[in-house]
Every structure is written in structure tokens, then in C-alpha cells.
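These are notes for a colleague opening this structure for the first time. Please read the points in order, with the model at hand.

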Amino acid sequence: MTTTAPTRSTGAAGSGRAAISARTLRTDRWWLSPLTVAVVLGVFLGYATVRIFMRSHYWVDEYRYLTPLYSPCLSDSCVPGSSHFGTPLPEFPLALPLPLLIFPIIGGFRLTCYYYRKAGYRAFLLSPAACAVREPAGKYTGESRFPLVLQNGHRYFFYLASLLLLVNTYDAVLAFLPSGGGFRVGIGSLLLLAMVTALWLYSLSCHACRHIFGGRLKHFSRHPVQYWFWTQVSKLNGRHMQFAWVSLLLVMIADFYILSVAADWIPDVALIEVGTN
Ligand code: FES
């Protein structure tokens, strides 16, 4: 996606615009939405930063719960049992977070998401904070220059995040199969299942995913199967913002729950147990 940078003659301070000194004439609580976004994203960023440097309480061996923030755990420093795909990486010094490879993918996918871009620009850059509210910057260059031009790499984060999602799905299945054998439905298994479902909905409703299904087609009538998939993904795409928030909150809730069980703050309640020891 390329954008043309508007000049001052067409921007908010351009000569063709009404010369109003007030930043906005809106009298409603237009600031509430960007403020809420800034607070929630700020809390999540702070929480995730603390968690990835904690290096503990990310795996519950008895119930095979692995937090999504550490999955897959690929280093020799990972606690026994938590590395479902082996440990191709050596031990990490304490200063390095264990999810060194995966966190940039998770973060990059969210950071370059079309919805989070809009939300982030409004909440953090105030560009603009809301409709009909003048932004502080005198000039608008869109995403045509470094570093924001890198946002165009979103589709590549989508490919990488889709691989991680397959791993998360595998983790969610394992959460129903405790290490002692049998089948067990605990609060943690249900949380991981809900989280992975929300992540699938978030990923499938991604704009890049929609483009992959039908973005290049010139004649839908000649590709009925692709058209059908594109139509379904388009329906999900209309709810992308909701999936973005629900999946983010569920990642945070699932991680905090696993932290709480692993640290013995709370027990994990079993709702169904079949053949467990
Ligand atoms: S547009 Fe939001 S994840 Fe792709």
C-alpha cells in the first residue's frame, strides 16, 4: 500500500480549510475512546514485558498448560516438559527473554494490524485523536516514509503468526490431556480453548487473509470456491476490531491464569476427568 503525502494546502492546516483556532468544536467525550485504547494497550504492553522477562510460572506440568507468551519454548533454558518441539536453541543468559524469537512475531503482527494501526495512531500519536479533532503535527505523511512504511510488511507477520497459531492450537489440545494420562477438562483447558478460538477468528478476519483468498481475482464468477471463502472471510473481517480486543484480552487472562496456577496461588478446578491418575 502506498500513500501520497498530503501537502499543507490539503492538510488540516491547509489554506483551503476554515481558519478555526480551536483544536475541535466537538462537545462530546471524543477523548474517551483513544484514552481507553491507550490505557488497555499500555497495560498489556507493561504486563507482557514483565512476563517475558520473568522466566518462571509459564508451564504447569501436571495439566500441561503452557502460556501463549512462551510458546513454542525452544531453548535449553526452558523448564522440562514445556518444549513440545525440542530445544534447537542453546541456554539463554538471564538478561534474554525466552520468547526471544516468538515475541517479535506476536508483537509485530499486532503492531502492523490495520485495526491496531488506526487505534494506535489515534491513542498514542493523536493523529488524529478523533474525527474533526485537529492533530498536533503540522504535516501528515501517512505511512509513506520510514519507519511507518514498514507497516506494509503486515502480510509477512500474518504468515509467521499463522504458524504460531498452529502451535497454540496444539498447546490447547494438550491442555485436555494431563501428564498423568486420561482426559481432563479444567478451567485452564477451557481458557486456552477460548483463547485459541479467538486467535483463529482474529487471524482469519485479518485484511491480509482476506486478500489472500480473493484479493487478486478479477472475475469472481470464474472462481466460485475462492469466492465463497472470500465471502466468509469478508463477514469475519467486518468484526475484526472485536476479535482484536477479545483475543488480546484472552491471551492476557490465559497467561495470568497459568501464572496463578503455576505459582500455587490458586488451584485449577477440574470440571470433567476421565481416566486420570
Ligand atoms: S489486519 Fe489486523 S491482523 Fe491483519
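1. A residue is called buried when its relative accessible area is under 20%, exposed when it is over 50%, and partly exposed in between, using a 1.4 Å probe and protein chains only. The model is predicted, so local features need pLDDT of at least 70 and side-chain atom pairs count only at pLDDT 80 or more, while totals for chains, interfaces and linings use all residues. Numbering starts from 1 along each chain as its sequence is written, and side-chain values use heavy atoms, with hydrogens and water left out.

2. Overall make-up. The protein has eight helices and four strands; these are DSSP runs numbered from the N terminus, with helices being H or I of at least four residues and strands E of at least two. Their order along the sequence is α-β-β-α-α-α-β-α-α-α-α-β. The C-alpha trace spans about 75 × 50 × 40 Å along its principal axes. Of the 277 residues, 40% count as buried.

3. Contacts and surface. Contact means heavy atoms within 4.5 Å. Among contacts with a separation of 6 or more, 69% are between residues 24 or more positions apart.

4. The core. A nonpolar core is a set of buried Ala, Val, Leu, Ile, Met, Phe, Trp, Tyr and Cys residues joined through side-chain atoms within 4.5 Å. The largest one here holds 57 residues, and Tyr58, Tyr65, Tyr116 and Leu192 touch the most other members. Helix α8 (residues 240-262) gives the most to this core, with 12 residues. Leaving out residues up to four places away in sequence, the contacts of Tyr58 include Tyr65, Leu66, Leu98 and Ile258.

5. Salt bridges. The structure contains five of them, where a salt bridge is a side-chain nitrogen of Lys or Arg within 4 Å of a carboxyl oxygen of Asp or Glu. One joins Arg184 and Glu273 at 3.6 Å, N to O. Arg184 is in strand β3 (residues 183-186) and Glu273 in strand β4 (residues 270-274), so the pair ties together parts 89 residues apart in sequence. Arg184 is buried, at 4% relative accessible area. Salt bridges with shared partners join Arg184, Asp268 and Glu273 into one network.

6. Two further pairs. Glu143 and Arg117 form a salt bridge with their closest N and O atoms 2.7 Å apart. Glu143 sits in the loop between α3 (114-123) and α4 (154-174) and Arg117 in helix α3, 26 residues apart. Glu143 is buried at 11% relative accessible area, and Arg117 is buried at 4%. Asp28 and Arg26 also form a salt bridge, with closest N and O atoms 2.7 Å apart; Asp28 is partly exposed at 40%, and Arg26 is partly exposed at 31%.

7. What does Arg110 have around it, given that it is buried yet has no salt bridge? Arg110 lies in helix α2 (residues 102-111). The nearest side chain of opposite charge, Asp255, is 13 Å away; Lys and Arg count as positive and Asp and Glu as negative, with His and the chain ends not counted. The Arg110 side chain reaches the backbone oxygen of Ala244 at 3.0 Å. Apart from residues up to four places away in sequence, Arg110 touches Tyr116, Leu199, Tyr202, Ala244, Ser247 and Leu248.

Terms used: A polar contact is a pair of N or O atoms within 3.5 Å; within protein, one must be able to donate a hydrogen and the other to accept it, and residues adjacent in sequence count only if both atoms are side-chain atoms.
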